[in-house]
Amino acid sequence: MAAIKFMARQAFDALGEGKPVPEPLGVPVSHVRSMSQPSSSAAGTRCGVWECTPGRWRRQITQAEFCHFLEGDCTFEPDDGEPVVISGGDVIYFPENSLGVWDVRETCRKIFILFDESATA
């Protein structure tokens with residue numbers, strides 16, 4: 001398989017209309033836009049770009065995730081741990097089953113990789 005190159009700015013420009021998050025916690029309701037490229041060898045692994053508007057909501061992703069926030073201001077409040085303040089330029093790793101609440105104060109954009117932890121080497 002050949003390498004796939006994409007420009008983050010162009011990827012964000014090509015995103016469709018945002019959709020409301022599945023479990024909002026009040027108003028405003030965050031809207032999310034994203035696109036991803038699946039792995040050819042691990043069904044649950046994918047990489048892509050993600051954008052989220054202000055609001056509070058429960059994180060739904062249970063896979064491990066590595067991401068680089070390009071823009072924005074938010075806090076992730078894990079169910080079992082201290083809140084993590086995140087802003088543009090921050091790189092974050094969420095271990096598998098990192099559940100909690102997002103509090104997005106300024107529209108966030110990130111590049112991400114979700115990992116299929118069930119894949120064997």
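Mentor: Let's start with a rule: two strands pair if DSSP finds at least two bridges between them. Strands themselves are DSSP runs of E, at least two residues long, numbered from the N terminus. This is a predicted model, where local features need pLDDT of at least 70 and side-chain atom pairs count only at pLDDT 80 or more, while totals for chains, interfaces and linings use all residues. Residues are numbered from 1 along each chain as its sequence is written, and side-chain values use heavy atoms, with hydrogens and water left out.

Trainee: How many bridges join β4 to β8?

Mentor: The count is 4, and these two strands run antiparallel. Within that pairing, Arg58 has Val101 of β8 as its bridge partner.

Trainee: Now the charged residues: how many salt bridges are found in the whole structure?

Mentor: Side chains of opposite charge can pair when their charged atoms come close. The cut-off is a side-chain nitrogen of Lys or Arg within 4 Å of a carboxyl oxygen of Asp or Glu. Searching the whole structure gives 10 salt bridges. One of them links Arg56 and Asp103, with the closest N and O atoms 3.9 Å apart. Arg56 sits in strand β4 (residues 55-58) and Asp103 in strand β8 (residues 100-115), 47 residues apart.

Trainee: With which residue does Arg58 form a salt bridge?

Mentor: Its partner is Asp79, at 2.8 Å between the closest N and O atoms. Arg58 belongs to β4, whereas Asp79 is in the loop between β5 (64-78) and β6 (84-87), 21 residues apart.

Trainee: And Lys110: is this residue buried or exposed?

Mentor: Buried means under 20% relative accessible area, exposed over 50%, and partly exposed in between (1.4 Å probe, protein chains only). Lys110 has 4% relative accessibility, so this residue counts as buried. Its salt-bridge partner is Glu65, with the closest N and O atoms 2.7 Å apart. Because Lys110 lies in strand β8 and Glu65 in strand β5, the pair ties together parts 45 residues apart in sequence. Glu65 is buried too, at 3%.

Trainee: Which residues do salt bridges with shared partners join into one network?

Mentor: They are Arg56, Asp73, Glu77, Asp103 and Arg105. Of these, Arg56 is partly exposed at 30% relative accessibility, while Asp103, at 19%, counts as buried.
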